[in-house]
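Biologist: Please put up the model, and then I will ask about a few places in the chain.

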Amino acid sequence: MVRSKHSYSLLRYQFNNKVTYQLLLLLLSLCGLSIGLIILYGHGIISQKNVAVLKFFKRQISENSLKEHIAVSTNRQLRDWHKGPEGVDEIGQRATTNNLQPEFIGGNSEHGLRLTGFNVNISRGLPLQRSLPDTRHKKCQRMRYPSLLPKCSIIVVYRNEQASVLLRTLHSLLDRTPEKLLEEIILVDDYSDPQDDDEGLQIYMKNNFGDKIQMVHLKQREGLIRARLEGARRAKAEVLVFLDAHIEVNVNWLPPLLAPIVKDSTTSTTPIIDIIKYDTFEYQGAMPSRGGFNWQFNYVQLPLLKEEERLIPRPHNNPVMNGGLFAITKKFFWHLGAYDEGLEIWGAEQYELSFKIWLCGGKLLEVPCSRIGHLYRSPEFAVSYTKRKDDFISKNYKRVAEVWMDEYKDFLYEHIPKLNQIEAGDLTKQKLLRQRLQCKPFKWFMEHIAFDLLKIYPPIKPPDFASGAIKSLALPDYCLDVDNKKTRLKLEDVLRPCSPDLKYPYDSQKWYLGFRRDLQHHGNCLEVQAWGSHAPIWLWPCHNSGGNQWWYYDRTTQMLIQGEKEYTQRCLEVDSKTREIFVNYCDLTRIQQKWKFGYINETAMDNFFMELK
């Protein structure tokens, strides 16, 4: 049968319609299947390991979507850990504002600021369960973390801790830690001296905490390091969290610490350590930073990298942990050899463990959404954890340097000469551990993790820009003098008769305009803490970060200028009548803003702005 041209066109039309219809059905089916798989994947019902095709869909999720969900592990079921299982606010709600403290805590206040380093009376007057300001970044309130997080054993070591401080630590842990994440609190008493309130403390803990806290009383003095090891040996949970006995954890502190560990079991995490003031017990937030050390082996803070600042509050690399507040899997902790048991009492243990983590296959992160307040002692209080007279801290430094720091240990020995004469003890076990774990050289740490440390804390100190006495030209017989002045206080009555030799003056008039562009005297710097005119000047420990401690001496105008940015700059000024000093808006016509240094390094001063460009 012969078909007409019109019949062929009709057949093609019908065929095309049928194919189009089938293709649409297939496309709709694929879309439905895709949406279904994404929903199942998002709720954690299926995973990457089960369905390889999900790798394709995972790539389709935009970076913005990831930021919105804030997924932090391959476990795709995410949860707002601020809330309980029924969606009711849980964390922190158990805390009360009851001001009553047990009777055994009151009474004799002899153990005050002089003996403890903090205001005992203030502590006794505060609730054992008190609310705290939320010092986290505002984005932390929206963060979600895996719904399946491992349980942890919290290890707290104490020795002669004041009862109200210790109980506030324990209450804060139990009030603000999700029950499903807490296996136990192991409280290790490092052979404390007998106290009048011991019996009352034990009764209170039994009545209020029951079996939630595992008490360990050591039979002899072991020191912080070995006491922590004893707690770690008894731990049942998969993750160990080491804390001090004078802390208060803040809202939702634990899930952010655990989430990176779930993603990588060789990751250790540290919180941001907020400040509990020793004199008022006021809780103050701290800023994110990177830990490091100087060549006296003091802990220092390094600035965040620009990329890390942009991504705040995401976790960022932390070269060295601050003290001993951190989380780590039990398996990785023992894999690294835990703490070196040759370290005595306390000191350098944070360096040893931080170096081991980085050099032996792990990673150390600071987690800005985890906040823990730490009670810092008065700067005038000398912590005495032992009555031993030997220099055990220097021995600890020597052990860490000899095992882990390779050729960089020589810089340490140049700055702490006594380390050359100290015996480190037997290091065979530690050196074999490093060899067995195939750890990287310390040079790798200095070039890849703490790569800016040598610039900020150079082993060989660059020459100062200026030094000696600082003489007022308005009052030419008077110089800046901080004799008997305490740090962290406003400077008052600091102009005194000048030393006969301005280049080599009395010690109390000896100032340095150093390579960090700060004005310092024995590690303390002139600092400005307020904007505007007539702002007072404080004597504050040097933070080595410029900012409110940045100064420049203009040789032409003879003015001391504070502030690197031109729009923030003010000049050091003296009131000719009261002899008080402050910073004021710079005025070339005011002789009260003109000063003379005892010595100026002209060559260095010519290059003052060179590295800043």
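Questions and answers on this predicted model follow.

Modeller: This is a predicted model in which local features need pLDDT of at least 70, side-chain atom pairs count only at pLDDT 80 or more, and totals for chains, interfaces and linings use all residues. Residues are numbered from 1 along each chain as its sequence is written, and side-chain values use heavy atoms, with hydrogens and water left out.

Biologist: Is Ala 237 buried or exposed?

Modeller: Ala 237 sits in the loop between helix H8 (224-234) and strand S6 (239-243); helices (H or I, at least four residues) and strands (E, at least two) are DSSP runs, numbered from the N terminus. Buried means under 20% relative accessible area, exposed over 50%, and partly exposed in between (1.4 Å probe, protein chains only). Because its relative accessibility is 3%, Ala 237 counts as buried.

Biologist: What separates the C-alpha atoms of Ala 237 and Cys 152?

Modeller: Along the chain, Ala 237 and Cys 152 are 85 residues apart. Between their C-alpha atoms the separation is 5.0 Å.

Biologist: Which residue in S11 is the bridge partner of Arg 290?

Modeller: Strand S10 (residues 290-293) has both faces covered, with Arg 290 and Gly 292 buried on one side and Gly 291 and Phe 293 on the other. S10 runs antiparallel to strand S11 (residues 299-302), joined by four bridges; strands pair if DSSP finds at least two bridges between them. The partner of Arg 290 in S11 is Leu 302.

Biologist: Which residue in the turn of this hairpin has a positive phi?

Modeller: Five residues lie between S10 and S11 in the hairpin. In the turn, the residue with a positive phi, about 60°, is Phe 297.
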